[in-house]
Structures are given as structure tokens and as C-alpha cells.
Amino acid sequence: KPPHTDVGCLPTVNAVTIHNPAVPFNSPESTLGRHLARRLVQVGVTDVFGVPGDFNLTLLDHLIDEPGLNFVGCCNELNAGYAADGYARARGVGACVVTFTVGGLSVLNAIAGAYSENLPLICIVGGPNSNDYGTNRILHHTIGLPDFTQELRCFQTVTCYQAVVNNLEDAHELIDTAISTSLKESKPVYISISCNLPGIPHPTFSREPVPFFISPRLSNKMGLEAAVEAAAEFLNKAVKPVIVGGPKMRVAKACDAFVELADASGYAVAVMPSAKGMVPEHHPHFIGTYWGAVSTAFCAEIVESADAYLFAGPIFNDYSSVGYSLLLKREKAIIIQPDRVTVGNGPTFGCILMKDFLAALGKRLKHNPTAYENYRRIYVPEGHPLKCEPKESLRVNVLFEHIQRMLSGDTAVIAETGDSWFNCQKLKLPKDCGYEFQMQYGSIGWSVGATLGYAQAAKEKRVIAFIGDGSFQVTAQDISTMLQCGQRTIIFLINNGGYTIEVEIHDGPYNVIKNWNYTGLVDAIHNGQGKCWTTKVRCEEELVEAIETATETKKDSLCFIEVIVHKDDTSKELLEWGSRVSAANSRPPNPQ
């Protein structure tokens, strides 16, 4: 395991040692399949998620023959893609293997999500026999046309590089270019490998692959100096400036530089919702999550009343802006993207790396804790939920009060799309506690596969996942894979009878779903194989007992806790957010 969690970053210590650079030609080891397997191990992938199909079976033989590589068979391709997404979040890069078209188009939604979240993900597809290219043949697993490019064309819009390997002469170059491009761009790539090629020796594979050297990107020094000077002048004349971290800090590898800037400046520090977990919440000047009208208490008031705000790596979409209702003014903002800085309404400086800019800016700013001091003056500690009566139906706010006490540096939180977004945002993360959710793409069901992948990559942490009943019904099957891998995740299944987040945006009978016996389903999947414990919780007393069991006597088991709550029991933030997003969605057409 590489000793880092930077997305798209090579291990600081090589993940593989080259003992014998020369591999005799025609040996079983000088093959395309072995080269790909060794490359994956080199960049830090030790688990590949996938579903076998007739076009990728030979390739899978070579992947599982690699001592450093483990194949994790999933129940469907969509979950395999989600698992690779979760793995990339914890490990820095992930990989999945599927079969031609039927597998490729099934995994496509997960690849699109990884693209939106800037995750390096290597999607490998077993393709048609090389002899079939350029012929008029019709193959199975296609739509019945003699055209093999349908899958490729679909992937072109959600990957940064596509390699179709149907001959051995350029296979080495195509595979290496694809993997290195994924790491450099921090985006998914697509590699299709003809089903008859993985086991054939070729001279280009007769040597052990030399570890990648990815040329570092550099800032334009003159541009960097000019940008820092303009930004420092802008911020030093402000009375109560603040800084806000955004989700693109991860792809820019600028989280440490952001914290250094916070230390040097003394400014109040907030994060956007999709950047939660990227900034240590124990920082002395941390004031919470800035999310417009649904921000952490007193955070929005400080940010929006500031006379200057620096946003590092923001994404202002309709969800993060709460239906485009943020009270921000461009002339007060410094917007820093991974390679560009804009100061107020201008100027803009290009070819500047975010981490270089933040590090240099921290040395030029006057220490100014005014905004944080204002926050301390108005801050009122949060209250506690109303105490439950004996055996009273469990409320969501009481649930998360108990969840807060479970968190430590040895845990990681996975929040599914839905009300878990808002409830988990209010959790205060201890030092080293992981936190992941998929805000930009927001695909329901993502968390089941992502939990599988994250737990497989970060075995030293116990993952705690919060999944709504509607989302769970989309991807429930891969609880099976978690058991097969011996994972010890704790899953809180929030059963409120429907798609609650959609109810608050626009209600209708389609948001009510068929209730399942969720614990019974997981017990059936368990089937006596692996360590698994399930329970239903209806009141606070049962919740306390369940948490105690999951963290003590069943600490080495996968624990599935079904929490039954009222269908209208939602966070106040979702109620506010839903009404604003609904208003944004229902805007009438502009006059023609």
C-alpha cells in the first residue's frame, strides 16, 4: 500500500522491486497480461474489482497470477465501478475489469461519477478477438451491427484517454500511456484488450516494466509572483477576510498548503460541503461548512459578511450553491482553481499550481484573525436533541448524536446521496477520520460499492456507512462481496420508506418504495458464510445496545443496523435545501 492518500500520485516508495529486469522472450511471463498486472501493482493497485465475462477471462488468468494483485469479483459491473471509485479515494488510484459492451456500458455510470470527482480510475475491458476488427462480422454482446466502436464512443466523453489494444506491436505503449495519463490528469481512462492477446509473449514485454516517472507540473514563476502580489494586496487591505476550501484541493494536492495558509494568515477557515474531510476540523480557526442557507450554524454569516473571501478549488453547481442562492459577490472573491487564479473581477493568472500559490501567499499575508474573533463573539454552542421518552420512536437527530461518539481516527464515514449528506455534514470529524461522499454526480446507490472499495483499500480503518433505503435497493447485492472479503464495516440503513431527498424537492407517489425486510435480506446473503451481524433498531435503547455490540463483541464482523424512522423525519437543512433546489429546477423558460 502506498504511504499516501493523494489522488493520482505515485507511491513515494516503489510498490514493486525489480529483481530480474530481463525476462526471456517466449517465457510465460513476457506477455501483455503480465505487463498490465505489474503496471497496476507498481502504481499502487493491489485489488482489482470486476465481473468475469467471456471476452476478459484470459486476461483475468494473468491478473490473478500476479502475486501482488487480488481480483475482487463483484455482483455487477456498476458496483465494480463504484468499488474502484471508493478504492481510488482511499488509495489514490483504482481499477476495474469488465467484458465487452454489456459489461462496459453497465460500468459506464460509475466511470462518469469518477470523472466528475476527479478520480484516477483504470477501466479495463476484455475486447473482441483481434482478427474480428476490420471485418463485417457481427459479434454477441453488441447491438447487432458490425461496428465495435459503440462502447469506445460512449467512454470517450467520460474518460481522459482511450486505448484500444488489438495488436501486440503498440500494446506496451498504449497501456503505459493510458495508466500514466490517468495519474497525470486524475481522471478515468479506458483500456480495451482483445481477448486473444493477453497470453501471447512479445519482445516488448521481455523486460520488467520500469517504474513510471511522471514529470511534475511547474508553475510559471513570473505569473506566480504577479498573482501572489495581486492577491496579497487584495487580502491585506481587507478588514475581515476568510478562506474556504473546495473539492478541487484534492486533485490539486493542495490540502497541506491550504492548512499552512490558514496557520499563517489567522483567517477564519471554512469548507464547502464537498470538501468535508479535506481540512482538519480540529484546526483552531475552523468555523464549519459553508453551504449557503444550510451552512453550519454561524458559518454562512461570517463568510457572506466578509469583505474578502478566498475560495480554493470550489465547484459552484446548483446543489453546492443551494439552488444558486449564495450571497457572494465576485468582486470580493479570489477564486483559485488547480492551475488558475482570479482576483476579484480580474485579473486572471494562468499556469499557476494551486499548491504553489497557497504556499507563496501564506508568506505575504498579514496575520488577521478578525473574522474568527467575530465568529467567536456570535457563536452559541449547539443544543442537544430533545430527550427520548422510554421506547419512543427513534429520531434521526438522536441517531447522529450517538454516531458522533463512534468517530475516531480509526474510522471513515461514507455518506450516501440523500438526507445522509446533511446529517453527516454536521458530524465533527476527529483527526485522521476519513470522510467521502459523491456530491457532484450524486448517483443513488453509489455508497454500497464505494464502501466495498474504500474498506478494501484502507483496511486499517473501520468504515461507517449511512445509506438510505431507496439507495440501498439500487446496489444491495455487493454486501455479498463485503462478506467474501472479510470486511468489518458498520452499515446504518436508514429506513424511512422512500426517496426522502426527492420528496423535499418534488413529492409524488413515485417517491414511495416497497419496504423490504432489510436485515432478512442481508441474513440471506450471509447464508452462514463469513462474519455478519444484523439487527433492527426502533428506539434509542435499542440503538445504544446495537452500537455497543457492533463496536465490541462484533467488532470483527460486518454489522448491518437497520434504523427505522418516520418518513417525515428529516434534517432541517434538507427541508431548506430542497425548497431552494425545487425553485431552481422549476424556473420558467426565458422569454424568446
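## What "buried" means here

A residue counts as buried when its relative accessible area is under 20%. Keep that cut-off handy for this predicted model. Trp 421 has a relative accessible area of 0%, so it is buried. Trp 577 is buried too, with a value of 0%. Tyr 319, on the other hand, is partly exposed, at 25%.

## Tyr 319 and its two partners

Let's look at how those rings meet. A pair of aromatic rings is described by the distance of the centres and the angle of the planes. There are 24 aromatic pairs in the model. One of them joins Tyr 319 and Trp 421: the centres sit 5.8 Å apart with 75° between the planes, an edge-to-face arrangement. Tyr 319 belongs to the loop between strand E10 (309–312) and strand E11 (333–337), while Trp 421 is in helix H13 (residues 419–425), so this pair ties together parts 102 residues apart in sequence.

What kind of pair do Tyr 319 and Trp 577 make? Their ring centres are 4.7 Å apart and the planes meet at 75°, so this pair is edge-to-face. It also links distant parts of the chain, since Trp 577 is in helix H20 (residues 572–585), 258 residues away from Tyr 319.

Tyr 319, Trp 421 and Trp 577 belong to one aromatic cluster, along with Trp 291, Phe 422, Tyr 435 and Phe 437.

## Charges over rings

Rings can have charged neighbours as well. Arg 39 lies over the face of Phe 212, at 4.0 Å from the ring centre. Lys 187 lies over the face of Tyr 115, at 4.0 Å from that ring's centre.

Conventions: Residues numbered from 1 in each chain as written. Predicted model: local features only at pLDDT ≥ 70, side-chain atom pairs only at ≥ 80, totals over all residues. Heavy atoms only, no water. Phe/Tyr/Trp six-rings, centres within 6.5 Å; stacked < 30°, edge-to-face > 60°. Helix = DSSP H or I, 4+ residues; strand = E, 2+ residues; numbered from the N terminus. Buried < 20%, exposed > 50% of the residue type's maximum accessible area, 1.4 Å probe, protein only. Lys NZ or Arg CZ within 6 Å of the ring centre and 35° of its normal.
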